[in-house]
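Thank you all for making time this morning. Before I say anything, please take a moment to look at the sequence and the structure on the screen.

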Amino acid sequence: MNVNGKHRRTIWLHESNPAIVQIIEQRFLPYRFVIEDLKTVEDVAVAIKDMHVRGAGLIGATAGFGMYLAALSAPRTSMQAFMADLKNAGDRLRATRPTAVNLEWAVKRQLAAIEQAGPDIEVMIETALHVAQTIADEDAEYCRRLGEHGKAIIKEISAKKGGAPVNVLTHCNAGWLAFVDYGSATAPIYAAHDDGIDVHVWVDETRPRNQGARLTAWELGQHGVPHTVIADNVGGHLMQHGQVDMVIVGTDRTLYTGDVANKIGTYLKALAAHDNGVPFYVALPSSSFDWEKRDGVKDIPIEQRDATEVKYMQGLHNDEIVEVLLTPENSAVANYAFDVTPARLVTGLITERGICPASEAGVLALFPEKRNNPQESK
Ligand code: MRU
């Protein structure tokens with residue numbers, strides 16, 4: 001997508017040094033546009049854990065490149081030693097963030113492909129690079145395609161409103177910054193906007209890290225999409241007053257039964273949408289499906305992050321990025337990063353293959369290759 005009019009992705013290989021992976025360092029946005037070099041798997045692990053990169057698709061793509069960097073530095077004495085090192089690297093990456101299923105998926109995909117390419121280690125390294133690039137390209141392409149499917153819903157609402165602005169509410173950042181390009185929740189919005197449909201976005205600020213206020217607002221602004229940032233608790237009020245035509249959110253992990261894990265606060269938006277008859281859609285590339293677990297509330301691991309994210313607030317002051325204390329210094333703080341929206345509150349899932357009901361039957365109708373035993377065919 002566009003940054004100051006220039007097309008960019010969120011992750012890419014250094015132009016003249018293929019041993020360096022480059023990312024947009026998201027902790028500085030929207031105040032500064034900083035590019036970071038990642039040279040080792042440890043750099044990648046820190047970038048994921050400390051959220052230099054974040055969002056399900058981008059976490060997966062970064063892990064894919066992390067496995068490539070691990071392959072570059074793994075011992076070449078034997079295929080066994082090489083693979084043992086890569087497995088350790090995979091474990092290190094997997095341990096960084098538990099909720100986004102793309103991380104696990106990308107590591108597994110890399111390990112399987114690299115092992116299969118053996119025993120020539122040079123070929124195994126080439127495979128790791130190829131798979132990393134394929135994961136990134138697929139992520140962008142699947143988001144583009146789901147954007148086209150989601151655009152149809154926005155177009156229909158626009159027609160019903162006689163061309164008046166379609167008001168979409170979104171939570172957190174499931175924009176292109178959370179993927180390699182386009183985004184999931186934002187892809188239908190960008191596609192509609194680019195087609196000349198009048199669309200306006202209500203952007204939840206998304207405490208505690210404010211991904212909505214900082215990232216979604218920034219990227220929508222860069223692309224020229226009209227938007228308004230709102231405090232997290234405003235959505236219900238807007239829905240009661242007919243000011244939200246639809247909700248589109250992303251997801252860090254959606255079970256094939258339809259339960260959706262997403263940034264903390266999503267569940268409350270889904271309840272408000274349900275109460276007000278507002279359609280509530282979840283947009284995701286298929287890499288964010290979990291084909292094993294069945295019960296979202298019971299089975300999805302919910303990341304708890306450091307208390308400082310709740311206690312302190314970051315912002316720009318006199319051109320410096322500063323942190324200020326928000327709470328009494330000694331108050332106890334809990335920081336649950338995600339919640340689960342049960343399938344019954346979800347109007348539909350927007351995927352690269354089309355839109356389906358958030359149910360086992362709906363998902364498996366779009367992904368029939370997972371039908372007989374989703375657990376085995378993942
Ligand atoms: O903690 P983050 O920023 O990695 O959380 C991920 C998110 O941005 C959201 O939960 C998003 O809606 C889904 S990820 C595409």
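I will talk about a few paired strands to begin with, and then about salt bridges.

A word on the basis: this is a predicted model, in which local features need pLDDT of at least 70 and side-chain atom pairs count only at pLDDT 80 or more, while totals for chains, interfaces and linings use all residues. Residues are numbered from 1 along each chain as its sequence is written, and side-chain values use heavy atoms, with hydrogens and water left out.

Let me begin with strand S4, which covers residues 21-24; helices (H or I, at least four residues) and strands (E, at least two) are DSSP runs, numbered from the N terminus. In a regular strand the side chains alternate between the two faces of the sheet. Here Val 21 and Ile 23 lie on one side of S4, Gln 22 and Ile 24 on the other, and all are buried, where buried means under 20% relative accessible area, exposed over 50%, and partly exposed in between, with a 1.4 Å probe and protein chains only.

Which strands pair with S4? Strand S3, residues 11-13, runs antiparallel to S4 and is joined to it by three bridges, with Ile 11 standing opposite Ile 23. Strand S5, residues 35-38, also pairs with S4 in the antiparallel sense, over four bridges, and there Ile 35 is the bridge partner of Ile 24. For pairing, DSSP must find at least two bridges between the two strands.

Now to the salt bridges, of which a search of the whole structure finds 23; the term requires a side-chain nitrogen of Lys or Arg within 4 Å of a carboxyl oxygen of Asp or Glu. One of them joins Glu 156 to Lys 160, with the closest N and O atoms 3.8 Å apart. These two are four residues apart in helix H5, residues 121-160, and so are separated by about one helical turn. Lys 160 counts as exposed because its relative accessibility is 70%.

Another salt bridge, at 2.8 Å from N to O, is formed by the side chains of Glu 303 and Arg 305, and both of these residues are buried. Glu 303 and Arg 305 also belong to a network of salt bridges that links them with Arg 97, Arg 209 and Glu 309.

Finally, Glu 369 forms a salt bridge with Arg 353, the closest N and O atoms being 2.9 Å apart. This pair links distant parts of the chain, 16 residues apart: Glu 369 is in the segment after helix H12 (360-366), and Arg 353 is in the loop between strands S17 (348-351) and S18 (354-356). Glu 369 counts as partly exposed at 45% relative accessibility, and Arg 353 counts as partly exposed at 41%.
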